[in-house]
Amino acid sequence: MKRLQTPRAAGLLSLLAALGTAHAAVPVERLHVDLRPLIRRASAAPAQFAVSVPHTVSTTGGGRWTQANGEWVWRYAVEVPTAVSLSFHAAPVALPAHAHLVVRGERTTTSYGPQSLHRGELWSRVQPGAALEFTLTVPAAERAQVHFSLVSLQAGYRSLGAGVADHPYYRQLKATTAASGNGACITNYECKATAANAPPAAATVALLVQNQFECTGTLLNDVPGDNTPYVLTARHCISGKVGPDVDDPVTAAQQTSVYWDAVTPCGQALGSIYDPNIPIQTGATSLVEQQDAWLIRLDVNPVVADAQFAGFDASGASFSGGYTVHHAQGNDKQFTGWFGTPAKVSVAGILSPFLETVNQVGNIAPGASGSALFDPSNRLVGSLTYGRNDADASGYQSCPAATPPAPDGSNGVADFTALAAVWNSTADTSSSTGSVTLKSVLDPHNTGTLVTASAPVASVSFSASNTVLVYGTPLELTWAASGATGCTAGGGQAGDTWGGALASSGSQSLTESTASAPVNYTLACSYAGGRTANASVTVTWVGPTPQLSLTATPDAAWTTRPVTLSWTSNVTPCALSGGGLALTDLPATGTTTATSAAVADVIYTLSCGPAGDSGASAVLVQYATPGVTLEANGTDRRIGEQFLLYWQSFADTCTTQGGASGDGWAGNSFASGSAVAQFAPQVSTAGTYSYTVSCSSGALTAQQSVSVTFENSAPYVTAALDHSTVAFTDSPADYATLSWNSNLSSCSSLATPNTLSSSTGDPLGLNSLPQSSQTLSPQRSGVYTVTVTCTAFDLSSSASSTPLTLTVTPAPAPTATITLTPAAVVSGETFTVAWTAVNAGYCARTGGLPGDAWIDPTGPPAGYVTDTGAPGTFEFTLSCYSIDAADAQPVTVRQSVTIGTLAANVSVSPASVHVGDSFTLTWSATGSGSCTASGGGADGSPWSGTVDASGSLSQKATTAGTFTYALQCSAGGQVANGQAVLTVAAATGGGGGAGGGALGFAEISGLALWALVRRRRAFTAAAR
């Protein structure tokens, strides 16, 4: 897919303006990532709201450090164009006691400290807007203990609250542009709060899995009531898909964030989890995955004091009514009341029955997945899996009917996985938790209890005096568990004195003797009735922190020219590598010279310190062909308009010649480098002048000139397209180049409709020049009108070009094929289903075998899956959508497979013969092309070796006895056997009834003849 981007979002400019001059000076790194294919693949998963954008930046490899007033401040800003929200994942992270990180978005500001980290990582809050600015402040004495490394950004495309619009491409895919009607029946939970439903509501949380999937979960009481923080939600929150998960549930649980107490007072506009004041915690363990139920255990107790455990009812008893508290669309808690008795329904390919409901109050939407169905006794009886599809722009399902119908199995608004159906089930073999069930976890002592009540959470506080320490430095751990009978310490490292029984509150000092990855210290406190509360803190122990500095002077040079590398370090030994350098055993301070004969970007790396406690620093040096690039902002300048000259060269120095008399250009000398230089000659006399830049480095020189005409003509703009018609290919083949020229100062282009992306064609990357070009990238077929408008420097006048027409013809319709290998399949045999499509952006796959990996609503246009299944006929359907968004009609192909039963059949006819009689052996195999014969022998030789899958053979029996003819056939690791038994009796007597063993005439004659022949053979042999 293409990577051209539209101009920077206006929201980013607002952000930078709001930050003030100190913050505006931070360079913003704009990531060139096309979100559209990522959104396209993700959009079919209702729970997903963001996509992951890998991006690595750290406090040692990006951003900018400054020092003032005894503090060091690290700043960095990043933008993902068109994202509607951003969050980030940082790992590893080490923040000392007095460090704090402030992250500013376009609408919200969040802050993080050492207590925000979990397992040495930080999963951030989600902030509206396309840009984030990081400001990390730390006392100078603690700077060496700081480490912060971004791993990825999560770019939102679906809003998690009011006031933030969905991504336009997402709206296009969902065809939701009209104003919504279903949002009108959203019901704020606080307007329905009662003393009875308050505990279930306090148990309801919003969950963000890897900051990409948003669901609702319920803190669930277990049978022992032991205060273990179990949360029940939907398994499809792991990957967004109902069915077998391809993602790792263990990692997904560890990277799940829980949002507590997200409520809005009744009567106020409903807030959302964008609110930076909502308490959150991160980290859990995956315990049970069974069908669409997912039970996790939080790493530590809830971080809020008012949390409640919800009771449950796994008996399957019938009830009428009920309600759900949820976080649909990432909004604060909402209420949905259900009507009638839930109907028990089944969904194709899913094992457990569902409880189907019809709403009477409120409604649901994406983000409600995993929320609880509470019965009228306020006990959880199910978790939300399905909501009926609805095209309403709000994303919410249908509002309640004036007279709701009772659920009948076909009219439901929501389907809940029934707790009773999965309570003790292991039927889902795709689960990674095997024989572990909800019952075995929630009723660990096998009491048979099926109903529990709500209960308040017992809380414990646990903190560390610092989360980053140099080993050998004292660490103070402090805890308090009100009402606990005692606590037990765990984790830590051997010999550090942290462990064993502790009082219910207190503090303890300890230290570690070696540097280590983050060390986890745990605390488990016991309460009456067998309840426990858990907490943990993470501390990173470091050695003397390596402090390295490596610089290159200059950082850009012509090939063959020397670059000086200088370094300092507080640890030794040092080594320097890169670009042919391989220096070792270097001192803590030194310099060396490097060069390159070839054009290249060379990274030089300095590493210092002993094994296990070393540090590294790197610097990039650009080596370029000797030369200089000189560019005027326009070669036809109207006197009084802005005139600028730009140049770039990796030489040592550059001097200027030529120009108009008195314009200040000639005779200047400039130091060169990787940055683009700029100069503004002041020309007041009409004429044509030549401007020259001459650059040198050692004996090497380079020169370039540009001729510019100055006049007093009327303002004008001319523009041209190199193609007036292109065919849409969703690739660089359909790019068009727009070029223009003007005697005004600043120019910009406008395309109607606005589905043309553009990027500057300027060799120095400059924008808005009065003489320049752009590369235009159509996002769909259609007819576009393109106009260039230019403005005078003093804004007193402007001019526009004649509108240009760019016709983008439609892409060819997509074609698609499905191929099965092998074509004939038997039960248990593995086969491959491959598909390929041409001119398709993505393909939706439906049908297939129950529980297989075929189904994908937004899959790639080519690929394959392996399958195996029970006997039956199954249809694979592939619907491929054009690369051209203007073509909404997919091409659909289908391929059926009939899975047979492997069989091997053998028969002999007749089944009993005498010696000398003939018999026929017949065999056949179903579902196999490879069979092996064995046994036999009635004709004097065995029946063995590879045979065709079917056939027959006539033989004459020569030996009396019982003979077994066996056939073994195989396919796909399966084996089938068949056999038939032939009985051969001795030959019977001829005519006459002498009996008693007397021989007849024919037999006597035969024996006499045989004797004569035998004598003749013996004679002949003796004569030789």
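Two strands are taken as paired if DSSP finds at least two bridges between them. Strands (E, at least two residues) and helices (H or I, at least four) are DSSP runs, numbered from the N terminus. The model is predicted: local features need pLDDT of at least 70, side-chain atom pairs count only at pLDDT 80 or more, and totals for chains, interfaces and linings use all residues. Residues are numbered from 1 along each chain as its sequence is written, and side-chain values use heavy atoms, with hydrogens and water left out.

An open sheet is built from 7 strands, ordered β16-β15-β12-β13-β14-β18-β17, with antiparallel pairing. The edges are held by β16 (280–282) and β17 (284–290); each has a single partner strand, so one side of each lacks a neighbour in the sheet. From one strand to the next the twist averages 30 degrees (axes are lines fitted to C-alpha atoms, and angles run from 0 to 180 degrees between N-to-C directions). Strand β15 (residues 256–259) runs antiparallel to β16 and is joined to β16 by 3 bridges. Here Tyr259 stands opposite Ile280 in β16.

The chain holds 8 helices and 73 strands. Its radius of gyration is 39 Å, well over the 31 Å that the globule rule gives for 1024 residues, so the chain is more spread out than a compact globule. The radius is taken over C-alpha atoms, and the rule is 2.2 Å times the number of residues to the power 0.38. The C-alpha trace spans about 145 × 90 × 75 Å along its principal axes.

Buried residues (under 20% relative accessible area, 1.4 Å probe, protein chains only) make up 49% of the 1024 in the chain.

Key. Buried < 20%, exposed > 50% of the residue type's maximum accessible area, 1.4 Å probe, protein only.
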